Amino acid sequence: MPKAVRQLAGHLLRGLVMVWIVTTFTFVLVHEMPGNPVQAQYESLIEKGFSPDAASRQVAVTYGFVPHGSLWSQYGHYLSRLLHFDLGKSVSAQGVSVAKEVASAAKWTIGLVLAGVVLSFALGVVLGVVAAMRRNSRLGDGLSIAGSLLHGVPQYVMALVLVTLLTVKWPLFSTGDVNGLIQPGFNVAYIASIISHAVLPATAFALSSFGGYLLTMKSSVVSVLGDDFILAAELRGLSPGLVFRYISRNAILPLFTVLALSFGFMFGGAVFIESAFNYPGMGALLVSSIGQRDYSEMSGAFLLITVAVILANIVADLLYTVVDPRVRRASGT
Amino acid sequence: MTMTAGSGDPLVTAAVVGGGPSVQIRDLTVAYRIAGRDMAAVAGIDLELPPGSITGLVGESGSGKSTLALALLGAVQKPGRITTGSIEIDGVGDVVTLAPKAVRKARGAQIGYVFQAAQNSLNPLKTVGRQLLDLAKSHDVDDKQSLVRQAKSLLERMGLDAGRMLDAYQHELSGGMRQRVGIMFALVLNAHLLVLDEPTTALDMISQANILSIIRDVSTDRALTTLVVTHDIGVVAEVSERIAVMYGGRLVEQGPTTQVLRDPKHPYTRGLIRAIPRLHGDPALAQALPGRPPTLGTTPETGCVFRERCDVFARLQLPACVETDPRPTPIDGDRLVSCHAVASEHQQADREARA
Ligand SMILES: Nc1ncnc2c1ncn2[C@@H]1O[C@H](COP(=O)(O)OP(=O)(O)O)[C@@H](O)[C@H]1O
Ligand SMILES: [Mg+2]
């Protein structure tokens, strides 16, 4: 399938360009930040008695570029460090590499986002089908209205409401820090801990985004119901169960596009939701790094979120190709 | 006085000889409920499909042909329903009163339907073969291999590469192929009644001719009772033995195709034929029928539904045309015409002959 390969290559190329744009953006951001943090660290090191040489080496370790020289040479230095997956060192947690910190936060966030997406997707699809089938009844109307109302509630509002209701008013869940002693990885303690801490944030994700799936699924089912091949299947005497499967499979296709978009939405939402629930993911990392003006950590988190969104988009797109034979076979010949 | 010339003894004998099921539609009315009112799209129709014959149902778009065809399968679409009448199908029973599950089972098994939009009659996400297996599952067919064999032989019979067809998705098939695959699906379970709604409408000229000859051959081979629904009287002229002309939800004329085309009685039938040069020979004389067919809302409630476009009414202004809906009158033995002018002319001729 040379065309499929070409398609994938195109995706990756576009992804790389996006990553490049984001890295350039963070470089400029850190560089042009009021009070220039790079210059500030350099000067404070000099004050502490570092030699200019040692100080600039130290700054380069932190931010990934030397504090002087032309803008272009600083930029080049920065990019070459990135190519070695060196995101610099954290300023707030002295000596810890940003790459390590971001990676460990990412593990928590990816679990949460996946849970949120799966939950909201399943909920939206099932309720969307019900809303479409019962579209002339109160149940159908109610579901559609609930869907569009919840769809309009921003994620951070949803998160705050859940926090207030379920941890303060009726303290069913704790928002304490995840046990720092647990090794992230594929072990029971980690997974159990993720589950107990992820229930609320995942619910917040699901509640604030299933409405979109519900509405898309409903309109998609209604449009498939009017398609010729559904009547044709009924006129062939196909059993109601099979007709239902024909409808749902075809109706779910447009949702993959929404799925791709929602991954970005989810990672973005992680910023608010994680900090509301004190959940140790990338969003919380980003927020705390901003609070502590830890620019190297901030740009690292920012970069990783970008990469995650791009990868999720590619996966969703490939998924679509696999599910729809019109796309799959067209790319085969 | 004989009321229904079409349902005489000859047909009953034919049913015994032909063996396949015949269809008997009596006083069928199908109405769509629009803005709280039942609007009849098919009004009080009597029609019989002799076993082993091909009948062509013609009429302009909107005359109720598809509604009638769907009624045969108990599949009138919302907000429509059958309000009166019966549809007796041999080997199935009265579709109007049959339990929904029995109707579902009869579709595909005894009654094959080729959809008006056969171009899009397949699930785009499944191969033809997979959909064939779905059909088997729905109709409790245990011997799937023989079903596949049957499908292949039908496809080959229609000049297709059977293996390739079963592996294909709808979007990989041409219009003509899709139509033939549609016919395969309609017949693979050995239906004896075949209903085709506009089987050639979306096709190019060559595929049209091809499909028509396939319909003719397959119907003869399998002794099918076939109903071909079309707005194109040329199609009917080519395949059907009998013709039924529909206008505004009524059957205005029916009879053997050759007789009706040679000597159309109803002013509407005459108009239809005049509009088609290849049927009456002289392209220079082709004349489109003036005016437009009625829609559900504009169908006259009393009198003849055709009178506003009728040249005979324009000339004679018979009061009956405004007052009563003309009933089918038997003419020349095997023909039925619903027209006041034709009926009175016929009576007069009868009286003169007797005198
Ligand atoms: N589902 C429906 N709802 C309302 N009106 C319908 C529906 N289907 C058909 N009709 C109306 O019934 C009349 C007959 O339609 P149809 O049977 O499709 O005619 P034909 O097949 O001869 O073109 C038309 O006036 C059409 O507008
Ligand atoms: Mg039609």
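Is Glu301(B) buried or exposed? Glu301(B) is exposed, with a relative accessible area of 70%; buried means under 20% relative accessible area, exposed over 50%, and partly exposed in between, for a 1.4 Å probe and protein chains only. This is a predicted model, in which local features need pLDDT of at least 70 and side-chain atom pairs count only at pLDDT 80 or more, whereas totals for chains, interfaces and linings use all residues. Residues are numbered from 1 along each chain as its sequence is written, chains are lettered from A and ligands numbered from 1 in the order in which they are written, and side-chain values use heavy atoms, with hydrogens and water left out.

**Salt bridges**

- Side chains of opposite charge can pair when their charged atoms come close.
- Over all chains, the search of the whole structure finds 15 salt bridges, a salt bridge being a side-chain nitrogen of Lys or Arg within 4 Å of a carboxyl oxygen of Asp or Glu.
- Glu301(B) is joined to Arg37(B) by a salt bridge of 3.5 Å, N to O.
- This pair links distant parts of the chain, 264 residues apart: Glu301(B) lies in the loop between helix 12 (277-280) and helix 13 (311-316) of chain B, and Arg37(B) in strand 2 (residues 37-49) of chain B. Helices (H or I, at least four residues) and strands (E, at least two) are DSSP runs, numbered from the N terminus.
- Arg37(B) counts as partly exposed, at 46% relative accessibility.
- In another salt bridge, the closest N and O atoms of Lys105(B) and Asp140(B) are 2.6 Å apart.
- That pair also links distant parts of the chain, 35 residues apart, with Lys105(B) in helix 3 (residues 100-109) of chain B and Asp140(B) in the loop between helix 4 (128-138) and helix 5 (144-157) of chain B.
- Lys105(B) is partly exposed at 24% relative accessibility, while Asp140(B) is exposed at 54%.
- Arg33(B), Asp38(B) and Arg81(B) are joined into one network by salt bridges that share partners.
- In chain A, Arg326(A) and Asp324(A) form a salt bridge with their closest N and O atoms 3.1 Å apart; Arg326(A) is partly exposed at 33% relative accessibility, and Asp324(A) is buried at 4%.

**Helix 4 of chain B**

- Eight of the eleven residues of helix 4 of chain B are buried, so this helix is largely enclosed by the rest of the structure.
- Among the buried residues are Val128(B), Leu132(B), Asp134(B) and Leu135(B).
- The cover over the buried residues includes helix 10 of chain A, together with helix 3, helix 5, helix 6 (162-167) and helix 7 (175-187) of chain B; contact means heavy atoms within 4.5 Å.

**Val243(A)**

- Val243(A) is found in helix 10 (residues 240-277) of chain A and is buried, with a relative accessible area of 6%.
- Not counting residues up to four places away in sequence, Val243(A) touches Ile230(A), Glu234(A) and Leu238(A).
- From C-alpha to C-alpha, Val243(A) and Ile230(A) are 6.9 Å apart in space, and they are 13 residues apart in sequence.
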